[in-house]
2 protein chains.
Amino acid sequence: MSGLPDLAAVRKLDDADPLKTLRNRFRLPETLIYLDGNSLGALPIASAQSVLEAIERQWGNNLIGGWTKDDWIGASRRVGSMIAPLIGAQAHEVVVADSTSVNLFKLIVAALQARTGRSTVLTEPGNFPTDVYIAGGVTRLGQGHHLHKVPADEIVESIDEDVAVVVLTHVHYRTGRKLDMAAITAAAHAKGALIIWDLCHSAGAIEVDLHACDADLAVGCGYKYLNGGPGAPAFLFVAERLHATLQSPLTGWMGHQAPFDFSDDYVPARGIDRFLCGTPPILGIAALEQGVATFDQVNMKSLAAKSESLFSLLLEWVEASCGEHGFELITPRDASTRGSHISFNHEHAFPICQALIARCVVGDFRAPNTLRLGLTPLYTRFEDVWRAVVTLEEIMSERKWDKDEYRKRGRVT
Amino acid sequence: MSGLPDLAAVRKLDDADPLKTLRNRFRLPETLIYLDGNSLGALPIASAQSVLEAIERQWGNNLIGGWTKDDWIGASRRVGSMIAPLIGAQAHEVVVADSTSVNLFKLIVAALQARTGRSTVLTEPGNFPTDVYIAGGVTRLGQGHHLHKVPADEIVESIDEDVAVVVLTHVHYRTGRKLDMAAITAAAHAKGALIIWDLCHSAGAIEVDLHACDADLAVGCGYKYLNGGPGAPAFLFVAERLHATLQSPLTGWMGHQAPFDFSDDYVPARGIDRFLCGTPPILGIAALEQGVATFDQVNMKSLAAKSESLFSLLLEWVEASCGEHGFELITPRDASTRGSHISFNHEHAFPICQALIARCVVGDFRAPNTLRLGLTPLYTRFEDVWRAVVTLEEIMSERKWDKDEYRKRGRVT
């Protein structure tokens with residue numbers, strides 16, 4: 001364990017951590033070192049009771065009356081407004097609905113319809129697959145649009161008058177690199193293009209300020225740093241200045257101005273509700289509400305500072321103890337240009353990841369060769385990071401990754 | 001209570017009902033007469049425990065490992081295959097995903113792309129709003145399609161070579177009228193059109209045999225007769241013969257042939273999975289699984305027979321006791337042409353519905369003047385129907401609907 005401090009010293013860091021009590025909001029298995037909250041957030045203590053209440057008292061006792069008595073009808077807006085402060089949005093600009101993929105579709109099509117005469121959707125190659133796939137699907141609708149992919153560093157110079165909308169993920173799911181939201185948004189606006197930010201790996205992990213960046217549109221995931229549970233409903237953001245002009249192509253009844261008039265004519269709701277589609281998933285929203293509530297009274301600046309410390313120490317310790325084992329850091333070192341996970345490429349990343357999991361250190365693998373470790377400052381301790389590195393060093397120095405039997409892969413981002 | 005049998009006689013009907021024990025699969029409030037299972041199904045006894053297990057053991061203990069250990073990744077297919085026998089489909093032709101609205105969008109666009117050169121989407125006016133709205137949204141994508149609405153009785157003669165796809169609800173949400181799936185499907189096919197059946201008010205309520213009717217495509221709701229809970233995920237059906245040619249426009253990563261390869265190129269999955277989009281909503285699917293499981297070992301023919309008896313008696317009793325109170329039956333009397341709810345128009349339908357609810361008889365109101373009572377043969381008793389009619393007669397004969405204070409409306413289909 002050359003180059004690592006001893007556990008007592010690390011525990012002092014945890015003792016001194018002003019955010020240390022936040023971990024008590026979660027139920028984490030005792031023996032697990034969970035570094036995959038960027039893929040699926042941990043279970044908040046309050047979630048089970050809240051969903052049980054939605055099932056037993058609301059659904060069971062109130063039945064159809066739950067739509068009014070328990071304000072199910074307002075749930076999408078209520079939880080959206082709780083997410084808003086985490087991303088620098090106003091409460092009425094965010095709504096919970098559908099999945100990230102479906103929300104991307106809504107916003108890309110809406111943006112294209114607001115920029116008629118332009119034919120390009122711009123993104124980067126290697127963006128999260130669903131972003132690329134959904135954008136591709138939109139261009140196959142037969143409206144003459146095409147998807148153009150250029151590396152992130154060439155995005156700004158590639159935005160021209162033919163670009164209708166730029167679709168980028170703020171923090172890259174694989175590398176952890178964070179793009180310059182303000183600069184790229186400004187570049188898009190300078191050419192008259194709209195921009196959609198995918199906040200899946202940002203919301204709840206780092207400071208995000210959509211308004212300070214004058215962002216137009218955004219989507220994000222409920223089940224990563226927002227701790228909403230597996231397959232939690234997603235959210236979307238539309239800047240207020242665009243509410244009147246943009247329209248969702250998914251004109252479901254919940255986006256209607258008066259859904260219970262049951263008229264044949266579609267009139268979109270005036271505000272963000274026009275981006276709703278079907279009946280809201282109440283049980284999923286109940287869980288997400290508690291997930292988002294884990295951020296109550298939490299200052300995002302403090303959270304980001306802790307994420308930075310966790311990252312720095314993890315990197316320092318990996319370099320000190322595993323420096324000769326062939327890990328290539330692919331996450332930017334500079335805290336201002338990264339999110340809250342750290343990724344290494346390694347030719348044996350898959351068996352190494354499996355060997356870690358077999359020893360109760362849960363990170364994840366991204367094909368073909370990336371080992372990804374998520375740092376979720378609400379509940380990751382310095383001790384967790386230290387133990388993860390100790391375990392990694394042991395796996396590498398004794399080539400345990402080459403000796404273990406490991407299961408086939410199959411896990412979700 | 002002129003013209004009604006006495007309660008003892010009605011209870012004998014319940015005692016003799018071969019399906020009477022099915023009600024034990026649900027937790028219904030003692031004092032409530034719930035005739036709104038066509039809007040939101042009742043709570044199955046097993047649901048709370050099942051969702052709690054998904055939250056506490058699967059999510060809480062297994063965290064990201066749940067995707068494989070608890071087969072979250074297979075949940076959409078698993079529950080889809082449970083729904084299949086209820087609608088006359090093969091197990092691999094049904095999948096649980098998204099909302100009815102989103103699924104309609106996928107299938108309408110897929111159908112249009114499979115019928116290039118045709119420009120018409122055909123539906124009926126007064127179809128459930130989200131069906132009309134979604135179809136309208138598709139025609140506004142700028143591909144030169146238009147939505148044509150003709151009354152149900154004129155649908156067959158209106159299908160011509162310009163119709164790409166016919167979108168109809170099998171059982172009408174308001175009138176309860178059931179369309180002739182076999183005849184209309186055959187008429188569509190005769191002109192080379194595809195057909196999409198919305199089964200929201202059919203699945204789990206009446207016998208549905210998509211294959212016997214040679215149906216192409218279908219969607220349906222999880223939260224009505226399937227008892228999946230408020231805003232439960234929906235399902236969709238694509239006949240196997242269309243799996244290779246139809247493609248969803250919502251090309252999210254879960255519809256990819258190999259989502260975990262994280263490649264930039266979209267290759268649709270070979271089977272029904274290509275109609276998946278985003279990450280599946282695991283908690284919602286866990287509840288839906290128990291909802292669908294309430295049909296275990298239940299013969300749909302027996303269920304339909306009970307629905308018919310409930311309907312006949314309700315109608316007979318309303319006509320006997322409330323004949324002079326101005327209710328106009330808008331549901332077909334012939335059992336072969338209706339679903340499992342009964343609807344009356346009445347100029348005071350709204351306050352009458354509120355007066356019923358105030359007396360613990362829960363039906364619902366559909367603007368502008370429809371009172372709708374759902375008969376859910378899994379748990380509706382003859383006694384429930386009798387008590388509902390007794391209460392209705394009291395409300396009408398004493399004009400209680402005109403005296404009550406009632407709340408403003410605001411409930412969901």
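A polar contact here is a pair of N or O atoms within 3.5 Å; within protein, one must be able to donate a hydrogen and the other to accept it, and residues adjacent in sequence count only if both atoms are side-chain atoms. The model is a predicted one, with local features needing pLDDT of at least 70 and side-chain atom pairs pLDDT 80 or more, while totals for chains, interfaces and linings use all residues. Residues are numbered from 1 along each chain as its sequence is written, chains are lettered from A in the order written, and side-chain values use heavy atoms, without hydrogens or water.

One such contact involves B:Thr251: a polar atom of its side chain lies 2.6 Å from the backbone oxygen of A:Tyr133. With heavy atoms within 4.5 Å taken as contact, B:Thr251 also touches A:Ile134, A:Gly137, A:Arg140 and B:Tyr266, leaving aside residues up to four places away in sequence. Its relative accessibility is 1%, so B:Thr251 counts as buried (under 20% relative accessible area, 1.4 Å probe, protein chains only).

Turning to chain A, there are 12 helices and 15 strands (DSSP runs: H or I of at least four residues, and E of at least two). Chain A has a radius of gyration of 22 Å, close to the 22 Å that the globule rule gives for 413 residues, so it is as compact as a globular protein of that length. That radius is taken over C-alpha atoms, and the rule is 2.2 Å times the number of residues to the power 0.38. Of the 413 residues in chain A, 66% are buried.

Methods:
Buried < 20%, exposed > 50% of the residue type's maximum accessible area, 1.4 Å probe, protein only.
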